[in-house]
Amino acid sequence: IAAFGTEAMRRLGDAGLGPIRAVFPDFRVLSKREEAELSFLAGVMEIPEASCSNMASLVVDQGSGSMEVVVGTLEAGGARVHDNRSYKLGTRELVTMLHRAGSLGQFRKALEKRFAEYEPLLLNTTSRPIVLGSAATRLAWLAVRGRDPLTPYDPRKVHGLIMRLSYIDSLVNLAEADPASARLVIQPQKPDSTEFERVLSGLVALKAFLERESKSEFVVCCKGTRYGLVWKLAFGDGIRANVHG
């Protein structure tokens, strides 16, 4: 069993990790750099079209605590990370910003201003970024679930889907014009839950970032950090990636 922790575990420190390591002596706390590498591996290894050695790939991992942005290339023996950024724009912070802004329009302006203040990425990347996280997978599921909004979620149907940023615009426009209907679309089981704000704010943030990088579409990846760890362990055991030019 490979047990590991990310940001929440980093905050605990050695004293807080003692009880965990008493049960799992080999428990790993990933550094921010390692977490970025694993997010990148999860994206490029699970989306075959990204395994290209000629140009760097961009992977965005939206979590509850941060938005991780990684630029790297896949080599036969694993990933090479060229640039990674950790923006304090996780879903918790985004929902707070949305409430503070008072409207989706003002929220969008605040995000565009925030991203304009960040340094641009160092390298040009492939045309389609890979996006991990619940906001992207929810958007993709809305596109493929069919007429019955209560259809059980199936990650196999959303993984690898190409989504245009205009799809986000359509959902945001509905939320501005008819919030009640948008809530039913996003979370039909519990339309009054905070899932509506989490998904919508995450998508608006994703669009603001990708537009800054001159991207118009992205590929949805329903895998996560644990898949990246499995791939890294496999590379350590001698597995070689099939990298094409």
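Trainee: Tryptophan 141, buried or exposed?
Mentor: Tryptophan 141 is buried, at a relative accessible area of 6%. Keep in mind that this is a predicted model.

Trainee: And tyrosine 153, what's its relative accessible area?
Mentor: For tyrosine 153 the value is 42%, so that residue is partly exposed.

Trainee: How many aromatic pairs are there?
Mentor: The count is seven aromatic pairs. In one of them, tryptophan 141 and tyrosine 153 have ring centres 5.4 Å apart and planes at 80 degrees, so they sit edge-to-face.

Trainee: Which parts does that pair tie together?
Mentor: Tryptophan 141 is in helix 5, residues 134-144, while tyrosine 153 is in the loop between helix 5 and strand 7 (162-164), so the pair links parts 12 residues apart in sequence.

Trainee: What about tryptophan 231 and phenylalanine 235, how are the planes arranged?
Mentor: Tilted, with 35 degrees between the planes and 6.3 Å centre to centre.

Trainee: Buried or partly exposed?
Mentor: Phenylalanine 235 is buried at 10% relative accessible area. Tryptophan 231 is partly exposed at 24%.

Trainee: Switching topic, which residues form an aromatic cluster?
Mentor: Tyr87, Phe115, Tyr118 and Phe209 form one.

Definitions and conventions. Residues are numbered from 1 along each chain as its sequence is written. This is a predicted model: local features need pLDDT of at least 70, side-chain atom pairs count only at pLDDT 80 or more; totals for chains, interfaces and linings use all residues. Side-chain values use heavy atoms; hydrogens and water are left out. Rings of Phe, Tyr and Trp (its six-membered ring) pair if their centres lie within 6.5 Å; planes under 30 degrees apart count as stacked, over 60 as edge-to-face and the rest as tilted. Helices (H or I, at least four residues) and strands (E, at least two) are DSSP runs, numbered from the N terminus. Buried means under 20% relative accessible area, exposed over 50%, partly exposed in between (1.4 Å probe, protein chains only).
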